[in-house]
Amino acid sequence: MPRLEEAQQTLLPSNLKARTQTAWDDFTDFALRDNVLEVAVGLILASAFTTVVSSFVDDIILPPVSLLSPSNNNLDGKFAVLRGRGPYATVKDARADGAVVMAYGEFISKIIRLFVIALALFVIARAYGWAADDSVIKKQVKCKYCRKRISEKAKRCVNCTSWQDGREG
């Protein structure tokens, strides 16, 4: 097999293997750190949690709420046609016909979903704090000098660097 001429050999970096190994080591140091793996697991659990909460809101909470309206469709199906030709059965039909639609039912549904998710996360954080004696919910107070929120346990303000225990004064 013919060898590369000397001119062609200079085009290839002489330390390609070492640079590749260094890049791989840097990548594994980044990807396999504890906090990256924790974030990945947290995102997967959050995705599953969101699916469960969305189902809870759509299948359990919204049907009784939609009974408060005189029309017989679910809350997601409630809408108002702002500009269009005629009565439409669904939001999808109105949008397909080119009508300008205000889908207030979908908006209300998403607002309810947001509050249910926030409430569920708050309950989980409180339960974790109770079980692990390590509160996720940190108490905050206002700095005496700059009035910005800081940790209740802070000795100095992170914003204005003033002492919180009365050393300055």
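These are my notebook entries on one predicted protein model.

**Ground rules**

I number residues from 1 along each chain as its sequence is written. The model is predicted, so local features need pLDDT of at least 70, side-chain atom pairs count only at pLDDT 80 or more, totals for chains, interfaces and linings use all residues, and side-chain values use heavy atoms, with hydrogens and water left out.

**Confidence**

I looked up pLDDT, the predictor's confidence in each residue, from 0 to 100. The mean for the protein is 81. I noted that 86% of the residues reach 70 or more. By element, helix α1 (residues 6-9) has the lowest mean pLDDT, at 53. Strand β2 (residues 100-102) has the highest, at 91.

**Layout**

I took helices (H or I, at least four residues) and strands (E, at least two) as DSSP runs, numbered from the N terminus. The protein has 5 helices and 4 strands. Read from the N terminus, the order is α-α-α-β-α-β-α-β-β.

**Surface and contacts**

I counted a residue as buried under 20% relative accessible area, exposed over 50%, and partly exposed in between (1.4 Å probe, protein chains only). By that rule 17% of the 169 residues are buried. The accessible surface (Shrake-Rupley method, 1.4 Å probe; for residues, only the protein chains shown count as cover) is about 13,700 Å². Carbon and sulfur atoms hold 61% of that surface. Next I checked contacts (heavy atoms within 4.5 Å). Of those between residues at least 6 apart in sequence, 26% join residues at least 24 apart.

**Helix α5**

I followed α5 from end to end. It covers residues 104-132, which makes 29 residues. From first C-alpha to last it reaches 42 Å.

I stopped at S109 first. What does S109 touch, beyond residues up to four places away in sequence? Its partners are V57, D58, L62, L75 and D76. S109 has 2% relative accessibility, so it counts as buried.

Then I moved along α5 to A125. Its relative accessible area is 15%, which puts A125 in the buried class. A125 touches V136 and I137, again leaving out residues up to four places away in sequence. A125 and I137 are 12 residues apart along the chain, and their C-alpha atoms are separated by 6.9 Å. Just after α5, D133 takes a positive phi of about 50°.

**Cysteines**

I searched the whole structure for disulfides (pairs of cysteine sulfur atoms within 2.5 Å). The search finds 0. C143 is buried, at 0% relative accessible area. C146 is partly exposed, at 25%.

Most residues other than glycine have a negative phi. I found R147 with phi near 65°. R147 is in the loop between β3 (140-142) and β4. Is R147 buried or exposed? It is exposed, with a relative accessible area of 52%.

T161 also has a positive phi, near 60°. T161 belongs to the segment after β4. Its relative accessible area is 44%, which makes T161 partly exposed.

**Q164**

I ended at Q164, in the segment after β4 (149-151). Q164 is buried, with a relative accessible area of 14%. Which residues does Q164 contact, leaving aside neighbours within four places in sequence? They are C143, K144, Y145, I150, A154, K155, R156 and C157. I also noted a polar contact (N or O atoms within 3.5 Å; within protein, one must be able to donate a hydrogen and the other to accept it, and residues adjacent in sequence count only if both atoms are side-chain atoms). Here a polar atom of the Q164 side chain lies 3.4 Å from the backbone oxygen of S162.

Terms used
The expected span of a helix is 1.5 Å times one less than its number of residues.
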